[in-house]
Amino acid sequence: MSVTVRIPTILRTYTGGKAEVSADGANLGEVITDLEKNHTGIAARVLDDQGKLRRFVNVYVNDDDVRFEQGLQTATPDGAGVSIIPAVAGG
């Protein structure tokens with residue numbers, strides 16, 4: 001399945017400055033694996049040392065927060081949009 005992944009500004013150094021890239025995978029984990037294959041270094045910014053989504057990175061498949069779905073096993077149907085959004089904190 002081919003999806004469009006929206007890349008936040010802070011991670012665009014891994015995508016040659018592109019705000020959107022294509023990736024393949026039947027679920028989010030496979031999409032991240034494909035992203036890493038084509039944009040080396042990006043997975044380490046999205047996944048922690050245990051291979052789980054980093055606590056301060058929000059990922060959506062279409063409009064669904066994957067933390068409330070199946071996490072890395074969340075299905076990514078053909079044509080879906082995946083958004084990677086770093087959490088913003090401040091006071």
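How many salt bridges does the structure hold? The structure holds one, a salt bridge being a side-chain nitrogen of Lys or Arg within 4 Å of a carboxyl oxygen of Asp or Glu.

Before the details, a word on the source. This is a predicted model, in which local features need pLDDT of at least 70 and side-chain atom pairs count only at pLDDT 80 or more, while totals for chains, interfaces and linings use all residues. Residues are numbered from 1 along each chain as its sequence is written, and side-chain values use heavy atoms, with hydrogens and water left out.

The salt bridge joins the side chains of Asp34 and Lys37, at 3.3 Å from N to O. These two residues lie three apart in helix H1, and so are separated by about one helical turn; helices are DSSP runs of H or I with at least four residues, strands are E runs of at least two, and both are numbered from the N terminus. Asp34 is buried, at 11% relative accessibility, whereas Lys37 is exposed, at 61%. Buried means under 20% relative accessible area, exposed over 50%, and partly exposed in between, with a 1.4 Å probe and protein chains only.

Asp34 also leads us to strand S2. Ala23 is found in that strand and is buried, with a relative accessible area of 2%. Leaving aside neighbours within four places in sequence, Ala23 is in contact (heavy atoms within 4.5 Å) with residues including Val5, Val31, Asp34 and Leu35.
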